[in-house]
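Thanks for coming. I will talk for a few minutes about charged side chains and where they pair up.

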Amino acid sequence: MSTCTALIVAAGRGSRFGGPLPKQYALLAGRPVLRHTLEAYRSASSINRLRVVIAPGDEIHYQAAVEGLNLPAPVLGGASRQQSVLNGLEALAGEAPDFVAVHDAARPFVRPVDIAACLAAASAEGVSGAVLGVRLADTLKRADAEGAIVDTVPRTNLWRAQTPQIFRYAQLLDAHRAAASLGASEATALTDDAAVAERAGLKVVMVEGSEDNRKITTADDLARCVAMETRTAFGFDVHGFGPGNAVMLGGVAIPHTHTLAGHSDADVALHALTDAILGTIGAGDIGKHFPPSDPQWRGASSDRFLKHAVELLAARGGRIVHLDLTLVCEAPKIGPHRDAMVASIARIASLDPDRVSVKATTTEKLGFTGRREGIAAQAIATVEIPRR
Ligand code: MG
């Protein structure tokens, strides 16, 4: 039975990722991306051993990510990916596996069945290596520096290469050693291990994998990978009428025989919406964040309250799916101002207007709204937030 060691390359600095941590150590569903990748390889019966290549200085992040996995000491990477892989291959010289599966730490969704298929293809007679990939589905265009299309590249037989890239160990080590002596410009063209092997004249084949085996490159990629849950919460507010000639509703000044009385601008619509959003994250109510006893909120424009709630939600990784508002009053008439209120609320909450709904009703002259003593507002916020 032949042996295969997985060499997980986690030495990148991830300049496109941003954030405080390199992407391979960022948390995905509460665990480092690297940990997910290692777990995938541990559950692959075709893999005998695991070794990780890390950047010097990342030891603390690495130890936290591999806690309890009982792995051999990590290998320190070099200035380029190619150098990092070579360091890893050299470190395997003692165990000298028959095959080595080189894998990007930032591809945590690899399936054990695809690893096995890749190893089987690399083991075929006359083949030196195999690369997991997907056939190109999009039309390919070549454009000049100004973006003008020069030609359309036929996509027949074109693939996007992923990892693992599995090779006969001794052959890949030789190919990498030979490539190490290349000049910088020639070495830059060798963007994956298959390119190093191809340059050495080795036969490498493509193996059809899955789009799911995507690489996490940016913080947005990571966000898309996070399982979200939907939450709904309710908000309610009432303000009474006082002397004046306009009411603020949803950030829009609407002419009326009275104004709404309150400590701030008394925008009952924005207050109900703010409480609804705060409710989705269990962050209390508007009075907790903006106490009426605090003089700085006297006459304040309520758009800052709604913005604050949206920011608190965003800080938790959440986003608003929909806001639904119902105003309850005999007057003023809401219909003529509905579109302006939708646009205003959407602008304040940084949403597409089609995610905002404004409705109005009366209470058939019953109760305090029926007696024209004030306006009530009810709001429901629907949000998506990362599952913990
Ligand atoms: Mg209020």
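Start with a definition: a residue is called buried when its relative accessible area is under 20%, exposed when that area is over 50%, and partly exposed in between. By that scale E208, with a relative accessible area of 44%, is partly exposed. Please keep in mind that this is a predicted model.

Side chains of opposite charge can pair when their charged atoms come close. How many salt bridges does a search of the whole structure find? The search finds 17.

R135 sits in strand β7, residues 129-135, and E208 in strand β11, so the two count as distant parts of the chain, 73 residues apart. R135 is partly exposed as well, at 44% relative accessibility.

Next, K215 and D104. Their closest N and O atoms are 3.8 Å apart, and they form a salt bridge. This pair also links distant parts of the chain: K215 lies in the loop between β11 (204-208) and α8 (219-225), D104 in strand β6 (residues 99-104), and 111 residues separate them. Is D104 buried or exposed? D104 counts as buried, at 7% relative accessibility, while K215 is partly exposed at 35%.

K215 and D104 also belong to a network, in which salt bridges with shared partners join them to R81, R107 and D193.

Last, E39 and R31. They form a salt bridge with the closest N and O atoms 3.6 Å apart. E39 is partly exposed, with a relative accessible area of 24%, and R31 is partly exposed at 34%.

How values were computed: Residues numbered from 1 in each chain as written. Predicted model: local features only at pLDDT ≥ 70, side-chain atom pairs only at ≥ 80, totals over all residues. Heavy atoms only, no water. Salt bridge = Lys/Arg side-chain N within 4 Å of Asp/Glu carboxyl O. Buried < 20%, exposed > 50% of the residue type's maximum accessible area, 1.4 Å probe, protein only. Helix = DSSP H or I, 4+ residues; strand = E, 2+ residues; numbered from the N terminus.
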